[in-house]
Amino acid sequence: MTAANDSSDVLTAEEIRAAVERIVTSPGFRRSPQLVAFLRFVVESVLGGKAGRIKSYTIGIEALRRGEGFDPQIDPIVRVEAGRLRRALASYYAGEGARRSVTIEIPLGSYVPAFYRRKNPRPIAVLSAIMMRTLRVMRAPSRMNPFRSPVRSPRQSG
């Protein structure tokens, strides 16, 4: 099984699995077994030719160990963990993974991972660092971000 960002730059399953192992043993992932399980599940599904079964329900049941009664329409755990996984991957590639040539991403709007070989990892690290700073600013209430307010409206409380 291979994946690529263009036909001349093919990644092998072994390269992808090695990248996953480096990611999951990094400090940001070691503390989160749910992120590790999510990442391993979606990557192995793609490598096993089963990308079509990567859905909220199967992730919830098989990776996040929800019971058979799991309903992704009611329980947002898969969406929440997918967001955490995207941020953790961005943080990894902005920091200790900045010089790695294989990149794994979970694109917005999908849970199916994409695999890329970076020829020059340095510019990606800079862009990732900028993105991480932007995410922190967007999440933190401040005068610079008028859309986030520390004061909750009466409708938001209780």
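**Exercise 1.** Which residue just after H3 takes a positive phi?

*Solution.* The model examined here is predicted. Begin with the helix itself: H3 covers residues 33-47, 15 residues in total. Then move past its end, where Gly49 is found with a positive phi of about 75°.

**Exercise 2.** Compare the reach of H3 with its expected span, and identify what its buried residues pack against.

*Solution.* Step one concerns length. From its first C-alpha to its last, H3 reaches 21 Å, close to the 21 Å expected at 1.5 Å a residue.

Step two concerns burial, for which the cut-off is under 20% relative accessible area. Residues of H3 that are buried include Leu35, Phe38, Phe41, Val42 and Leu47. Ser45 is also buried.

Step three concerns the partners.

**Exercise 3.** Locate Arg65 and describe its phi and its exposure.

*Solution.* Arg65 lies in the loop between H4 and H5. Its phi is near 60°, a positive value in a residue other than glycine. Most residues other than glycine have a negative phi. The relative accessible area of Arg65 is 67%; exposed means over 50%, so Arg65 is exposed.

**Exercise 4.** Describe the protein as a whole.

*Solution.* First, count the elements: there are six helices and four strands. Next, read them along the sequence, which gives the pattern β-β-α-α-α-α-α-β-β-α. Finally, consider burial: of the 158 residues, 38% are buried.

Note on methods: Residues numbered from 1 in each chain as written. Predicted model: local features only at pLDDT ≥ 70, side-chain atom pairs only at ≥ 80, totals over all residues. Heavy atoms only, no water. Helix = DSSP H or I, 4+ residues; strand = E, 2+ residues; numbered from the N terminus. Expected span 1.5 Å × (residues − 1). Buried < 20%, exposed > 50% of the residue type's maximum accessible area, 1.4 Å probe, protein only. Contact = heavy atoms within 4.5 Å.
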